[in-house]
Amino acid sequence: MNVDQDLDGLQAALAHCQDLGSRESVRDARDPGVSGWSAAQHLYHMALACDLSLRNVEGLVAQKGLLIVKGAQTSEEAIRLLAKEEFRRGQAESPRMVRPGADVNPQFLAREQEGNQATLEGLRRCRGEIAPAPDHVPHQVLGPMTAAMWLRFARLHTLHHLAIIEDILVAVGPSQSE
């Protein structure tokens with residue numbers, strides 16, 4: 001895994017999320033034929049999931065946290081999935097802690113997005129410690145993952161939901177994506 005590629009890719013994806021989240025017409029976009037969630041719900045889910053993923057990276061680098069598992073083995077399936085560079089839709093249900101409510105408060109969304117950018121900047125300062133971090137934190141589906149894997153997951157997961165938002169915007173028409 002390439003930590004710099006994942007840091008740069010995630011930063012660009014998060015900046016795109018912030019741009020989309022700042023536009024009411026985008027936040028309000030929804031098309032049940034594409035997704036059961038609105039664009040705002042996808043954005044908030046991404047912000048919450050990214051926060052959780054980046055906190056796992058921070059904890060693994062610092063070797064502090066209640067969820068850290070020492071001596072765990074990463075599954076071959078997790079390695080394959082993260083190497084594919086894309087997630088298929090409908091493969092997993094989001095955990096309750098990162099599932100958005102029916103209404104998304106734009107201020108809460110913006111605050112989460114800003115916090116993710118700040119956390120990512122902190123991780124840039126310790127980029128050399130991410131790949132060698134030895135321990136794991138379990139993912140609900142993928143099992144134990146290293147810091148570098150959590151960073152890759154954050155990038156791929158964010159891109160996955162951005163693609164869904166783009167499909168929503170295409171389905172609802174050009175006025176929503178302006």
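The mean positions of the 18 positive and 23 negative charges of the protein lie 4 Å apart. Lys and Arg count as positive, Asp and Glu as negative; His and the chain ends are left out. Each charge is placed at NZ of Lys, CZ of Arg, CG of Asp or CD of Glu.

This is a predicted model: local features need pLDDT of at least 70, side-chain atom pairs count only at pLDDT 80 or more, and totals for chains, interfaces and linings use all residues. Residues are numbered from 1 along each chain as its sequence is written, and side-chain values use heavy atoms, without hydrogens and water.

The protein has 7 helices and 2 strands. Helices (H or I, at least four residues) and strands (E, at least two) are DSSP runs, numbered from the N terminus. Along the sequence the pattern reads α-α-α-α-α-β-β-α-α.

Of the 178 residues, 47% count as buried, meaning under 20% relative accessible area with a 1.4 Å probe, protein chains only. A nonpolar core is a set of buried Ala, Val, Leu, Ile, Met, Phe, Trp, Tyr and Cys residues joined through side-chain atoms within 4.5 Å.

The largest core has 29 residues; Leu 10, Val 57, Ile 130 and Leu 151 touch the most other members.

The largest share, 8 residues, comes from α6. Apart from this core lies another, of 21 residues, among them Ala 29 and Val 104.

Key: Buried < 20%, exposed > 50% of the residue type's maximum accessible area, 1.4 Å probe, protein only.
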